[in-house]
Amino acid sequence: MSDSDERDVLRAETEEEEDPERKEKISGQEDQLKPCPLTQDMMVKSLSLLCRTGNGLSHAYVRLDLKSKGLTDLALLSSFIHLRYLDISSNHLSDFSPLADLTQLLWVKGDGNLLQRFEGQPFGKLTYLQWLSFANNRLFDVKGFGGPALETLNLTGNGIQSMQGLEYHNLTNLVTLELRGNCLETTDGIYLPNLRHLYLAQNNIKRLEGLEKLLHLNTFHLRDNQLETLDGLSPNMKSLQYLNVRGNLISSMRALKTLVNVGQTLKALVLSDNPLAKTDDYRLYVISHLSQLERLDKDPITPGEKSEAQQKDFEDEYAEDQEDN
């Protein structure tokens with residue numbers, strides 16, 4: 001794994017269901033909010049980074065920081081067409097249509113707002129947008145979302161239950177997708193062939209599905225879900241180097257059989273806090289079946305362990321495990 005990949009993994013390590021009552025509660029919260037529109041005075045105090053405009057004929061401020069302003073309305077923003085970097089996090093915003101005219105945007109942070117759906121929002125029309133974060137909003141699905149230049153998307157801490165409806169044909173440049181802390185029960189719907197880093201920790205995932213299109217996936221983070229097996233890992237995942245399934249429900253050796261599908265590329269595997277990790281010779285069993293593995297549960301695999309694993313016969317134990325299940 002490269003240094004940048006390891007940093008992504010370390011960052012990930014340190015890091016409600018949709019129902020009528022919750023929707024009603026959210027609606028009630030919005031009704032109680034005191035209107036707070038964006039003002040010219042706020043804009044003057046929050047602009048920075050003077051740069052040449054796209055046509056090269058003048059200069060304009062291209063960065064705007066409106067974090068924690070109590071905002072409920074961004075209407076004034078539509079006239080600031082030269083903005084490239086926008087932080088509107090920790091406000092009370094649900095309508096982002098004023099961003100439609102900001103065609104030069106590269107980076108948008110909208111964490112901690114009230115966004116409930118992508119349909120009807122302008123993000124797919126921002127042709128230069130490369131980085132977008134709407135963590136800790138009120139999203140229940142991803143229908144209608146796309147972004148032709150988007151490389152990183154962070155939707156951590158929402159209530160997303162399904163990835164169906166994602167405009168994957170309009171997300172061909174997406175490299176990193178953060179979906180930690182949502183309500184997903186399956187991986188189906190993530191048809192993103194150029195994706196390299198996928199973070200799905202702290203969901204309710206029971207099934208690995210639709211992974212055969214993730215040809216370039218390098219990092220796959222599934223910590224704290226409800227997986228009992230790794231069935232669904234595809235031989236097409238020829239770039240996978242890091243897999244974290246810590247804190248799931250994997251209890252048998254048989255559940256690991258599909259690891260051979262990615263065994264030629266996998267360098268690091270985390271299986272700790274699964275029932276299986278408490279069984280005798282668990283570590284040697286995994287090492288014996290994954291010859292390219294360099295780290296298991298964050299501990300480097302030693303030459304001595306590799307030698308011992310090669311000498312040990314696990315065939316009978318594997319057969320017994322199959323019979324038990």
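Student: Which residue is the bridge partner of L50 in β2?
Tutor: This is a predicted model, in which local features need pLDDT of at least 70, side-chain atom pairs count only at pLDDT 80 or more, and totals for chains, interfaces and linings use all residues. Residues are numbered from 1 along each chain as its sequence is written, and side-chain values use heavy atoms, with hydrogens and water left out. Strands β1 (residues 47-52) and β2 (residues 59-65) pair in the antiparallel sense over five bridges; two strands pair if DSSP finds at least two bridges between them, and strands are DSSP runs of E with at least two residues, helices runs of H or I with at least four, numbered from the N terminus. In β2, L50 is bridged to Y61.

Student: What is the phi of G56 in the turn between β1 and β2?
Tutor: β1 and β2 form a hairpin, with six residues between them. G56 sits in that turn, and its phi is positive, at about 75 degrees.

Student: In which sense do β2 and β3 run, parallel or antiparallel?
Tutor: β3 covers residues 85-87 and is joined to β2 by three bridges. One of the residue pairs is R63 with Y85 in β3. The sense of β2 and β3 is parallel.

Student: Which residue forms a salt bridge with D281?
Tutor: A salt bridge is a side-chain nitrogen of Lys or Arg within 4 Å of a carboxyl oxygen of Asp or Glu. D281 lies in the loop between β11 (268-270) and α4 (282-289), and its phi is near 60 degrees, a positive value in a residue other than glycine. The closest N and O atoms of the salt bridge are 3.2 Å apart, and the partner of D281 is K312.

Student: Is D281 buried or partly exposed?
Tutor: Buried means under 20% relative accessible area, exposed over 50%, and partly exposed in between, with a 1.4 Å probe and protein chains only. The relative accessible area of D281 is 30%, so D281 is partly exposed.

Student: Which helices does the salt bridge between R283 and E305 tie together?
Tutor: The side chains of R283 and E305 meet at 2.5 Å, N to O. The two residues are 22 apart in sequence, so the pair ties together parts of the chain in helices α4 and α5.

Student: Are R283 and E305 buried or exposed?
Tutor: Across the chain, buried residues make up 46% of the 325 residues. For R283 and E305, both are buried.

Student: How many salt bridges does the structure hold?
Tutor: Another pair is E209 with R207, the closest N and O atoms being 3.4 Å apart. The structure's total is eight.
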